[in-house]
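Dear colleague,

Please find below the structure that I am handing over to you, together with its sequence.

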Amino acid sequence: MNETPMKLHTQKGKRRLWLEEQKYGLPGFTPGSKFTVRYNDDSVELIADPNGTNTVFTRVKAASKRIPTERRFAIVGIHNSRLKALFGDTENGVDTPLDYEMSEGYIKIMPVAS
């Protein structure tokens, strides 16, 4: 079992996957890099790929008194109706827990085994 729980959110009738580097580490997914999404019958795979069609977002945290340098973090996000077909539908604002496997440049996301 993974230490950090992962959830799929529903927003504006679409399912939204939002993974932040600070929470999940996201090895191999650097801010501004590209990745490919592969939809399977029972999972979604995110694969770091310089020719991918999706871009890793960049979250910038400004310098503060406590941390005097600007910091940049990676965010991997997917927001579409294909996630609804795979993981089911819920009301807006409702989260669905997920299982996942992660390695360098690869994330596999699956429904929670019952």
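I begin with two strands, S3 and S4, which pair in the antiparallel sense over five bridges. Two strands count as paired if DSSP finds at least two bridges between them. Strands (E, at least two residues) and helices (H or I, at least four residues) are DSSP runs, numbered from the N terminus. A hairpin of four residues joins S3 to S4, and the bridge partner of Tyr39 in S4 is Val44.

Before going further, please note that this is a predicted model, in which local features need pLDDT of at least 70 and side-chain atom pairs count only at pLDDT 80 or more, while totals for chains, interfaces and linings use all residues. Residues are numbered from 1 along each chain as its sequence is written, and side-chain values use heavy atoms, with hydrogens and water left out.

The sheet

S3 and S4 belong to an open sheet of nine strands, in the order S5-S3-S4-S9-S8-S1-S2-S7-S6, with antiparallel pairing. Strand S5 (54-55) and strand S6 (57-61) stand at the edges with a single partner strand each, so one side of each has no neighbour in the sheet. S5 is joined to S3 by two bridges, and these strands run antiparallel; Phe35 stands opposite Asn54 in S5.

Further along the sheet, S1 and S8 pair in the antiparallel sense over four bridges, and Met6 has Leu98 of S8 as its bridge partner. S1 also pairs with S2, again in the antiparallel sense, over three bridges; here Thr10 has Arg15 of S2 as its bridge partner. S1 and S2 form a hairpin with two residues between them, and Lys12 in the turn has a positive phi of about 50°. S2 pairs in the antiparallel sense with S7 over six bridges, and Glu20 stands opposite Ile75 in S7.

The two faces of S2

Which residues of S2 lie on its covered face, and which on its uncovered one? Arg15, Leu17 and Leu19 make up the covered face, whereas Lys14, Arg16, Trp18 and Glu20 make up the uncovered one. The charged end of Arg16 sits over the ring of Trp18, 4.3 Å from its centre. A charge sits over a ring if NZ of Lys or CZ of Arg is within 6 Å of the ring centre and within 35 degrees of the ring normal.

Thr96 lies in strand S8 and is buried, with a relative accessible area of 16%. Buried means under 20% relative accessible area, exposed over 50%, and partly exposed in between (1.4 Å probe, protein chains only).

The core

Nonpolar side chains tend to be buried together in soluble globular proteins. The largest nonpolar core here has 22 residues, and those with the most contacts inside it are Leu17, Leu19, Leu46 and Ile109. Such a core is a set of buried Ala, Val, Leu, Ile, Met, Phe, Trp, Tyr and Cys residues joined through side-chain atoms within 4.5 Å. Leaving aside neighbours within four places in sequence, Ile109 is in contact (heavy atoms within 4.5 Å) with residues including Leu17, Leu19, Leu46 and Phe87.

Leu26 lies in the loop between H1 and S3. Leu26 is buried, with a relative accessible area of 2%, and has a positive phi of about 50° although it is not a glycine.

Aromatic pairs

How many aromatic pairs are there? The count is three, where rings of Phe, Tyr and Trp (its six-membered ring) pair if their centres lie within 6.5 Å; planes under 30 degrees apart count as stacked, over 60 as edge-to-face and the rest as tilted. The rings of Tyr24 and Tyr100 have centres 5.8 Å apart and planes at 90°, so this pair is edge-to-face. Tyr24 lies in helix H1 (residues 21-24) and Tyr100 in strand S8 (residues 95-103), so the pair ties together parts that are 76 residues apart in sequence. Tyr24 is buried at 12% relative accessibility, and Tyr100 is buried at 9%.

Yours sincerely
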